Amino acid sequence: MPKIKTNSGAKKRFALTGSGKIKRKHAFKSHILTKKTKKQKRNLTHVGLVAKVDASNVKALLGLK
């Protein structure tokens, strides 16, 4: 049985926490920032977690499942 390759895009975008949850960054923080409020940009800075429904798909992309 061959090893499963990790998805290159997924390994750049997601990281595991110590408890096994998956960290992610928020979208809409890269460009066209002039029309967004300071509060909106500040809240997009914080790291989020992948929802439980999507976690199994992301783990498969990372080769963890």
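A nonpolar core is a set of buried Ala, Val, Leu, Ile, Met, Phe, Trp, Tyr and Cys residues joined through side-chain atoms within 4.5 Å; buried means under 20% relative accessible area with a 1.4 Å probe, protein chains only. In this predicted model, local features need pLDDT of at least 70 and side-chain atom pairs count only at pLDDT 80 or more, while totals for chains, interfaces and linings use all residues. Residues are numbered from 1 along each chain as its sequence is written, and side-chain values use heavy atoms, with hydrogens and water left out.

The largest nonpolar core has six residues: Ala10, Ile22, Val50, Ala55, Val58 and Leu62. Beyond its neighbours within four places in sequence, Ala55 is in contact (heavy atoms within 4.5 Å) with Ile22 and Val50. Of the 65 residues in the chain, 14% are buried.

The chain holds three helices and three strands, in the order α-β-β-α-β-α from the N terminus. These are DSSP runs numbered from the N terminus: helices are H or I with at least four residues, strands E with at least two. The three strands form an open sheet in the order E1-E2-E3, with antiparallel pairing; two strands pair if DSSP finds at least two bridges between them. Strands E1 (15-16) and E3 (48-49) are at the edges with a single partner strand each, so one side of each has no neighbour in the sheet. Strand E2 (residues 22-24) runs antiparallel to E3 and is joined to it by two bridges. Arg24 has Gly48 in E3 as its bridge partner.

As for overall dimensions, the C-alpha trace spans about 50 × 25 × 20 Å along its principal axes.

Key:
Buried means under 20% relative accessible area, exposed over 50%, partly exposed in between (1.4 Å probe, protein chains only).
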